[in-house]
Amino acid sequence: MSLSTRAQHSAVEAPPGMPSRLDGELLEVSMGPQHPSTHGVFRMNVALEGEVVRRLKPVFGYLHRNHEKIGENTSYLGSMPYTDRLDYICSMSNNWGYALSVEKLAGIEVPERAEYLRVILAELTRLVNHASLLGFLLSDMGAWGTPLMYAFRERENILDLFESLSGSRMMCDYMRFGGCRCDLPPGWMERARKVVDGFPHFLDEFEQLITGNEILIARTQEVGKLSAELAISAGITGPGLRASGVNYDLRKVDGYGFYPRFKFRVPLGEHGDCYDRLMMRVLELRETLGILRQAMDDLPAGPIMNPKVKIRAFKPPVGEAYGRIEAPKGELGFYLISDGSGNPYRYRVRPPSLINLTVLEDMCLGHTVADVMVILGSIDIVMGEVDR
Amino acid sequence: MMIGAGILKGMAVTGRNFIGSYFEKDRLTTVQYPEERDVLPENSRNFPFLVYDTNDPEAGLRCVACKICEKECPPQCIYIEKSADKKPDYMGKPQFYPATFDIDISVCMSCQICVEVCPFEAIKMDKVYELSRRERFDALLMRRTDLAKSNSYYHSIHPLEAEQVDATLAAAAAKKKPAPTPAPPASG
């Protein structure tokens, strides 16, 4: 602001009866829904005192598209492609979560090879998700482009694998009740191994790029702290919970799929701040690579689909089931009630993004506006899943 | 440690990537799209089409208008009207045929469920992706004539899968009617 405009500005007289300064008044700012850092159409009504956040009200629902109601009006199989569109970065693990709950509901066995493939694909999805999250988060902090491009370069290799297997890069729609849709195309495993072997190079490079960076440290350490108590009582799951030091990973707790067969560690944070949440993803990526190598070595031959499962007119028995998996963002659960007909009586999604978002205000209070973006980015949300 | 060392280290990584991309061709992952095109993998899919045998897209259509895909389609983008009369299909057997078969590809979400539920191997996934149109309504509604594509086209886009399908169809045909065929009857 130049001197002359400043002089003009102060010359404006406050109307009679009004205080000349906004002492103690909060400034309401609506961030979003079309803000580039809100990861979709998400709005935050922020009340600011100077630059410090005093109140924050998340507003969402802009992307609501009746996912659950559509699920209740379409066949069990028909919901499978819709689950791709929940968290559109991780369609493979969404497929698994839904398939798992329908298999629980109908008591379907899954062949061994299919279970191994599910582990491989879900862990590849975790690579995609965490790599893109690292890129997005750095983008939110102002490192425009570079880290995101490096992350997307790796992501693209994995999406190519998904495409040659399932036919689509993002909307895979690959898993079915009682197995997977099709077997690996020739040469897939060699390509997948190459991607997995090349990934540590990306991780080393990425860590060099960011971990010692003073700007990153200044902007993430001690920012957006989440205590273990609050995280547990708010139902936070996934890397956000583990960054607060709570050892809770459904792959260990539930042991669904064949996860008990693999050796891996669950990385834990200490401070629960944005830096821990960021580094949690890097550590998880390394563990994920370990799981992938084990699963690729052990992959047995055999059928990929349970032959007893009908594709047309699939009707599970009356009952209810809740299937949950450790999606890259947290606990992804599908709750189904069947009345014996061809479509579920109730279809409910427990989305990790939405529930992890509930503590946003607690994490943001007392920090500046610029930190809100970093905190929101470190939670890792996808609006397709929040709004459903 | 000196303040700024971390930033410089990061800059070195950026520099290595920037210069490396000039020397290592496999680092370049982008394709200059309209001039160069990536080869799509065999399993790639986007919108469904109807397969016909022989050279006649009318009579050779495998679809018998059973309406299973219409019922199972999650976004309900298929509309079929069954014919009143029966016409001999490509194997000479009288069958119903679709008098109308429309797919609204502005609604279709490329999920492949119609392909999976079809008992007659009549509907398959296409790979064409340059489908932009000038109009919103009629141009994106694919009629039966737009959808019908020959079996040899199917072979050209999904070679491995199409061979399997041909084998299962031939096995089914041999099993069903060994007597009326002029060739020596297959045993079993």
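Guide: One definition before we start: axes are lines fitted to C-alpha atoms, and angles run from 0 to 180 degrees between N-to-C directions. Also, keep in mind that this is a predicted model.

Visitor: Got it. So which strands does helix H4 of chain A lie across, and at about what angle to E6(A)?

Guide: Helix H4, residues 91–106 of chain A, lies across E6 and E7 of chain A. The angle between H4 and E6(A) is about 150°.

Visitor: And what sheet do E6, E7 and E8 of chain A form?

Guide: An open one of 3 strands, in the order E6-E7-E8, with antiparallel pairing. Strand E6 (319–327) and strand E8 (346–350) have a single partner strand each, so they stand at the edges with one side lacking a neighbour in the sheet. From one strand to the next, the twist averages 10°.

Visitor: How many bridges pair E6(A) with E7(A)?

Guide: There are 9, in the antiparallel sense, and E7(A) covers residues 330–338. One pair you can look up is A:Tyr322 with its bridge partner A:Tyr335 in E7(A).

Visitor: What about E7(A) and E8(A), how many bridges join them?

Guide: Those two run antiparallel and are joined by 5 bridges. A:Tyr335 turns up again here, standing opposite A:Arg348 in E8(A).

Visitor: Which residues are on the covered face of E8(A), and which on the uncovered one?

Guide: A:Tyr347 and A:Val349 make up the covered face. The uncovered face has A:Arg346, A:Arg348 and A:Arg350.

Visitor: Let's zoom out. Into which domains is chain A divided?

Guide: Domain 1 takes in residues 3–59, and domain 2 takes in 67–387. Their centres, taken over C-alpha atoms, are 37 Å apart.

Visitor: How many residues of each domain are in contact with the other?

Guide: On the domain 1 side there are 14, and they are in contact with 18 residues of domain 2. Strand E2 (43–49) and strand E3 (52–59) of chain A each supply at least two residues of that domain 1 side. E3(A) gives the largest share, with 4 residues. By class, the domain 1 side has 9 nonpolar, 4 polar and 1 charged residues.

Visitor: Now the two chains. How many residues of chain A are in contact with chain B?

Guide: Chain A puts in 28 residues, in contact with 26 residues of chain B. Four helices of chain A each supply at least two residues of the chain A side: H3 (79–84), H6 (146–166), H7 (188–210) and H8 (214–220). The largest share, 7 residues, comes from H6(A). By class, the chain A side has 10 nonpolar, 11 polar and 7 charged residues.

Visitor: Switching to chain B: what is the order of strands in its open sheet E6, E1, E8, and what is the pairing?

Guide: The order is E6-E1-E8, and the pairing is mixed. Strand E6 (123–125) and strand E8 (148–150) of chain B are the edge strands, pairing on one side only. Here the twist averages 55° from one strand to the next. E1(B) and E6(B) run antiparallel and are joined by 3 bridges, with B:Leu50 opposite B:Ile123 in E6(B).

Visitor: Last topic, backbone angles. What is phi of A:Asn66 near?

Guide: Phi of A:Asn66 is near 60°, a positive value in a residue other than glycine. A:Asn66 is found in the loop between E3 and helix H2 (67–73) of chain A.

Visitor: Is A:Asn66 buried or exposed?

Guide: Exposed, with 11 other C-beta atoms within 10 Å; the cut-off for exposed is 12 or fewer.

Visitor: And where is B:Ala65 found?

Guide: In the loop between strand E1 (48–52) and helix H2 (68–72) of chain B. Phi of B:Ala65 is near 60°, a positive value in a residue other than glycine. B:Ala65 is partly exposed, with 19 other C-beta atoms within 10 Å.

Technical notes: Residues are numbered from 1 along each chain as its sequence is written. Chains are lettered from A and ligands numbered from 1 in the order in which they are written. This is a predicted model: local features need pLDDT of at least 70, side-chain atom pairs count only at pLDDT 80 or more; totals for chains, interfaces and linings use all residues. Domain bounds come from an automatic or database domain assignment. Two residues are in contact if their C-beta atoms, placed from the backbone, lie within 7 Å. Ala, Val, Leu, Ile, Met, Phe, Trp, Tyr, Cys and Pro count as nonpolar, Asp, Glu, Lys and Arg as charged, and the others, Gly among them, as polar. Two strands pair if DSSP finds at least two bridges between them. A residue is buried if 20 or more other C-beta atoms lie within 10 Å of its own, exposed if 12 or fewer, and partly exposed in between; C-beta atoms are placed from the backbone.
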